[in-house]
Amino acid sequence: MLDTFNFPTPQTANYQEFYGGKSGVTSFSWIKPRGASMVRFMLIGAGGGGGNGTAATGGGGGGSGAVTSWIGPAIFVPDSLSVRVGLGGASASAGTDSFISYYGGKSNTTILTANGGGSNSGVGTGGLGGVAFTNNFFGAAGIFTSVAGQDGALGLNVGAGGNSPASTTTFLSGGAGGSGSLANTGGSVTPNYGYTVLPATTAGGTVAGADGYFITQPILVGCGGAGGTTSGSVGTIGGRGGIGCGGGGGGEDALIGGRGGDGAVFIWSW
C-alpha cells in the first residue's frame, strides 16, 4: 500500500498520550520537542453517561465523543500548548470536550477540540454523539479531520434494551440501552473491526451491564457500556464506556446509568 503521508509510529517518533482517569488530573502541558519537523494530534472527546432508568422505562445509552485529528509542519505549532482531557459524563450527564489551546496575544486560544458525547434528554432516548469540530484558522495550516461520535442506543419501556451496532464512521461506540421490563435483556454493544460483541445483560438478573473497553493495538477501537436490566423492582446500572465511548443505560427502576468513558489526547512529533 502506498504510504502517502508516512505517518509515524510510537517507535520512530516522540509520542505522548494524555488521559484523565483515576488521577483526576485533566489539564496538562506539552512542549514541542527540539528539532521536530512534523506534528500530529488526535483528540477524543469524553463519552456521555447512560440514562437513568425510571419506574417504567430503561435508560438510553450515552453517545460517544467526537474524534479530531490534525497533521502538519511543526513550524506552525506553538512551542508550548495546554492539553485538556474531557471527563466522562456521569449518569444522565454529557461528557466534556477534549481540547488543545495556547496562550497568544491577550487570551488563551483553543486551536483543536473534540466534543464530548451527549446523554439522553428524554425518557428512553439515547444520547447524541459528540458533534464534529468545524475547521478553523489552525486547521487550515495542515491536514484536518473531525468525525462525529455515535449516538447511544434507545432504552425501552417494554422489551429488551436497544443494541448499539458497529459504527460506519468512527472507531468508538455509543452505549447500549437498558431493558424496560423484568423478562428482557439489557442491550449489547458491537464494536468495530469484528471484535467480540459485548453481550446483552441477562434478563431479570442482578448483574450490572458489562463495562466497555478501549485498545490501541493491534488496531484502535473503543467499546461502549452494555445496558442494564431489571430484577423485581430493582434495576441494574449500565456498564461504563471505554475511552471516548458512551455508558450503558440503566434498566427500568435503576437509579443510575453507566458512566461515559473519559477522553484522551495523543500527540506525535518527529
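This is a predicted model: local features need pLDDT of at least 70, side-chain atom pairs count only at pLDDT 80 or more; totals for chains, interfaces and linings use all residues.
View 1. Strand E4 (residues 67-73) is joined to E8 by five bridges, and the two strands run antiparallel. Within this pair, Phe 144 of E8 has Trp 70 standing opposite.

**View 2. The five-stranded open sheet.** The strands of this sheet follow the order E1-E13-E3-E4-E8, and their pairing is antiparallel. Strand E1 (14-19) and strand E8 (143-147) are the edge strands, each pairing on one side only. On average, neighbouring strands of this sheet are turned by 5 degrees against each other, direction ignored. Strands of a sheet pair through backbone hydrogen bonds, in either a parallel or an antiparallel arrangement.

**View 3. Gln 16 and the pairing of E1 with E13.** E1 and E13 run antiparallel and are joined by six bridges. Gln 16 is found in strand E1, and Ile 267 in E13 stands opposite Gln 16. Leaving aside neighbours within four places in sequence, Gln 16 is in contact with Trp 30, Val 265, Phe 266 and Ile 267. The relative accessibility of Gln 16 is 25%, so Gln 16 counts as partly exposed. A separation of 45 Å lies between the C-alpha atoms of Gln 16 and Gly 159, which are 143 residues apart along the chain.

**View 4. A nonpolar patch on the surface.** Three residues, Ile 237, Leu 255 and Ile 256, form this nonpolar patch. Together they have about 300 Å² of accessible area. Ile 256 is found in the loop between strand E12 (234-235) and strand E13 (264-269). Ile 256 counts as partly exposed because its relative accessible area is 42%.

**View 5. The four-stranded open sheet.** A further open sheet has four strands in the order E2-E5-E6-E7, with antiparallel pairing. Strand E2 (27-31) and strand E7 (107-114) form the edges, and each pairs on one side only. From one strand to the next, the twist averages 30 degrees. E5 and E6 pair in the antiparallel sense over three bridges. At this pairing, Val 83 stands opposite Ile 100 in E6.

**View 6. Ala 92 in the loop between E5 and E6.** Ala 92 is found in the loop between strand E5 (80-84) and strand E6 (98-104). Phi of Ala 92 is near 60 degrees, a positive value in a residue other than glycine. Most residues other than glycine have a negative phi. With a relative accessible area of 36%, Ala 92 is partly exposed.

**View 7. Pro 191 in the loop between E8 and E9.** The loop that holds Pro 191 runs between E8 and strand E9 (213-215). Pro 191 counts as buried because its relative accessibility is 2%, and the cut-off for buried is under 20% relative accessible area. Neighbours within four places in sequence are left aside in the contact list of Pro 191, which consists of Ala 166, Ser 173, Thr 196, Val 197, Tyr 213, Val 221, Gly 222 and Cys 223. Thr 96 is 95 residues apart from Pro 191 along the chain, and the C-alpha atoms of the two are separated by 22 Å.

**View 8. Tyr 193, also in the loop between E8 and E9.** The place of Tyr 193 is in the loop between E8 and E9, where Pro 191 also lies. Tyr 193 has a positive phi of about 65 degrees, although it is not a glycine. At 48% relative accessibility, Tyr 193 counts as partly exposed, whereas Pro 191, at 2%, counts as buried.

View 9. The peptide bond from Gln 217 to Pro 218 is cis, and its omega is near 5 degrees. Most peptide bonds are trans. Pro 218 lies in the loop between E9 and strand E10 (221-223).

Note on methods. Residues are numbered from 1 along each chain as its sequence is written. Side-chain values use heavy atoms; hydrogens and water are left out. Patches are made of residues with over 30% relative accessible area and no salt bridge: like charges are joined within 9 Å, nonpolar side chains (Val, Leu, Ile, Met, Phe, Trp, Tyr) within 5 Å. Accessible areas come from the Shrake-Rupley method with a 1.4 Å probe; for residues, only the protein chains shown count as cover. A salt bridge is a side-chain nitrogen of Lys or Arg within 4 Å of a carboxyl oxygen of Asp or Glu. Buried means under 20% relative accessible area, exposed over 50%, partly exposed in between (1.4 Å probe, protein chains only). Two strands pair if DSSP finds at least two bridges between them. Axes are lines fitted to C-alpha atoms, for helices over the stretch in contact, and angles run from 0 to 180 degrees between N-to-C directions. Contact means heavy atoms within 4.5 Å.
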